[in-house]
Amino acid sequence: MSRLAATFEALAESGRKALIPFITAGDPKPDFTLPMMHAMVEAGVDVIELGIPFSDPMADGPVIQRASERALAHKMSLRRTLTIVSEFRRTNQHTPVVLMGYVNPIEAMGYEDFANAAQRADIDGVLTVDLPPEEAEECSALLKARGIDPIFLLAPNSSDERIKKMDAVGSGYLYYVSLKGVTGAGHLDVVDVENKLNQIRGNTGLPVAIGFGVKDAQTAKTVAGLGDGVVVGSALISKIEANLDDQERAKQDIIKLLTSMRQAMDSV
Amino acid sequence: MTEKYNMPDERGHFGPYGGMFVAETLIPPIQELNTAYQQYLQDPEFIAELDADLQHYVGRPSPLYHAERWSRELGGAQIYLKREDLNHTGAHKINNTIGQALLAKRMGKTRIIAETGAGQHGVATATVAARLGLECVVYMGAVDVARQSLNVYRMKLLGAKVVAVESGSKTLKDALNEALRDWVTNVDNTFYIIGTVAGPHPYPAMVRDFQTIIGREAKQQCLAQVGRLPDALVACVGGGSNAIGLFYPFIDDRSVKIIGVEAAGDGVETGRHSAPLCAGRPGVLHGNRTYLMEDDDGEIIETHSISAGLDYPGVGPEHAWLKDTGRAEYVNITDTEAMAGFHALTRMEGIIPALESSHAMAYTMKLAPTMSKDEIIIVCLSGRGDKDMQTIAQREGIEL
């Protein structure tokens, strides 16, 4: 069983939901990421989504765009992101790490080289925003052959047919984008999300993590009541952005937010 | 080879290029668009409306003009100019925006968005939106807003909202990113009119189909005027919509040489250029796989060209395919050479070309003398140069 599957299974057994933070590798500086990952694990997160910086993040709002720009300004890359995960694994073998990003850096490395490097770094899942199942066959097969879960997105306008397709090609979990828009945008509508989750559940047995629009402990708690996991990204990166001259403070603020989310989610 | 060219496949692939590389939220609207586009392409009423608009609103057919004096001066092949500069709004862009806007109307969309670099596609979009009474938002890189203020004003006069994009390199590619973000947020009522043969399937095929009017007319006109097919076609390639529009109807005519001209900026060897087919490598950007300007890590790098309309790090996926198969050849022309082409056409024929088109003119000046006097080159004069007066004067140290 993959580390992701085991994590979601253990959570389900204890009646808890996964808290999944997203940060961009190398933001605001390359040396920030590794200690931040360890600190987030201490704060009680279950899975870490690590963003691969990209020059043209088309599905992201301004907060995550700027995170990519800061990381790229420090020459962060896919290779260096993999190195960070390798270092993380020296002392942590239990927290699943999912790489999230756009396909071009992966294409530039080559699908097979990337799959091998991801396996060496002990990556658990790869979510490529602009690689829908229609285009993902080759890359997904290489990842699966190495025990890495290809993770796919679902959207508010995904049909039953589409959800079934994701169920067939994806593994680990499915990531439900709770609103039509980019990361960090607007407020999610609880009734809409609930209705959609019912439809999704009817078409897949995979765990469903919900992201986009999770801003604070309250939304985390609400969303935890609907899905199997809660993804929080822009709200964390806003803490980095608010403390660019004080990385220690950024780290503390992120931990504070994640701790409050963890407590709120566990009190469901 | 007798098999007829028939690209892309049903999933939008031109060999390894093209495709549908978008986030999940955009899959349903892209499928909806593809269905509508396939349906209306076969609909005689839609085609009749499009043809009538192209004739009476755009002013088609555009002339195929024999540049006799310039041909004589160069001493080689006979040069014929396909006069897309004479279209309403001054460039080929409107062939496509008319088509897509009619499609938007049929699909019941009330809001139009577009990206623009030099502003020509933005103006062409704002124009048709005004005519059809549709809300229009145009995304434009902040750098381009500053250097193309005249076109920004034209778009505003036409009732469009122009949004200056401050992210990334603040140019065309970032405007495209921002338009995609808008679309993903407003998919229900919004139609995204992409200006070139890029983006996810069906855009590269759809924009091509709307632009093939250029090549269909040119072929007919050449046969009528000269009595035979041309020997070579030349067109500038940024995203490549005017080029594919001219080339496509000739792809199966193997005797016709096809040449696309990319922007070499300061020179391909300097790295400061916009010539992905000549000096880039395959990758994925803006919904399709094609040749890109990127670094070793797959990050998109900044491009350079004197012409804002060619200042783009990618190129239409069909051009990537035509390059790999050898059916078309892609060459490049520097800023300085393009300026020479600009002046030559202006002084020899009394036609002021756009800086984009000037790249095609500059390559024609190299090509024509190598050919015999009874050979024929058709060059796409994709747009007129009025919009570039400021840029040209500035480059030549003249204050207007």
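B:Arg289 and A:Glu107 form a salt bridge between the two chains, with the closest N and O atoms 2.4 Å apart; a salt bridge here is a side-chain nitrogen of Lys or Arg within 4 Å of a carboxyl oxygen of Asp or Glu. The model is predicted, so that local features need pLDDT of at least 70 and side-chain atom pairs count only at pLDDT 80 or more, while totals for chains, interfaces and linings use all residues. Residues are numbered from 1 along each chain as its sequence is written, chains are lettered from A in the order in which they are written, and side-chain values use heavy atoms, with hydrogens and water left out.

**Interface of chain B and chain A**

- The rule finds 5 salt bridges across this interface, and 19 residue pairs, both at pLDDT 80 or more, are in polar contact (a pair of N or O atoms within 3.5 Å, one able to donate a hydrogen and the other to accept it within protein, where residues adjacent in sequence count only if both atoms are side-chain atoms).
- On the side of chain B that touches chain A, the largest share, 8 residues, comes from H8(B), and by class that side has 14 nonpolar, 11 polar and 13 charged residues, where Ala, Val, Leu, Ile, Met, Phe, Trp, Tyr, Cys and Pro count as nonpolar, Asp, Glu, Lys and Arg as charged, and the others, Gly among them, as polar.
- In terms of contact (heavy atoms within 4.5 Å), 38 residues of chain B meet 37 residues of chain A.

**Salt bridges within the chains**

- Over all chains, a search of the whole structure finds 48 salt bridges.
- A:Arg3 pairs with A:Asp122 in a salt bridge whose closest N and O atoms are 2.8 Å apart, and these two residues, together with A:Arg89 and A:Asp124, are linked in a network of salt bridges.
- B:Asp144 and B:Arg147 form a salt bridge with the closest N and O atoms 2.8 Å apart; B:Asp144 is buried at 1% relative accessible area, whereas B:Arg147 is partly exposed at 35% (buried means under 20%, exposed over 50% and partly exposed in between, with a 1.4 Å probe and protein chains only).
- B:Arg208 and B:Asp209 meet in a salt bridge at 3.1 Å, N to O, and both residues are buried.

**Cysteines**

- The count comes to 0 disulfides over all chains, a disulfide being a pair of cysteine sulfur atoms within 2.5 Å.
- The sulfur of B:Cys278 lies 13 Å from the closest cysteine sulfur, in B:Cys236, which is too far for a bond.

Key
Helix = DSSP H or I, 4+ residues; strand = E, 2+ residues; numbered from the N terminus.
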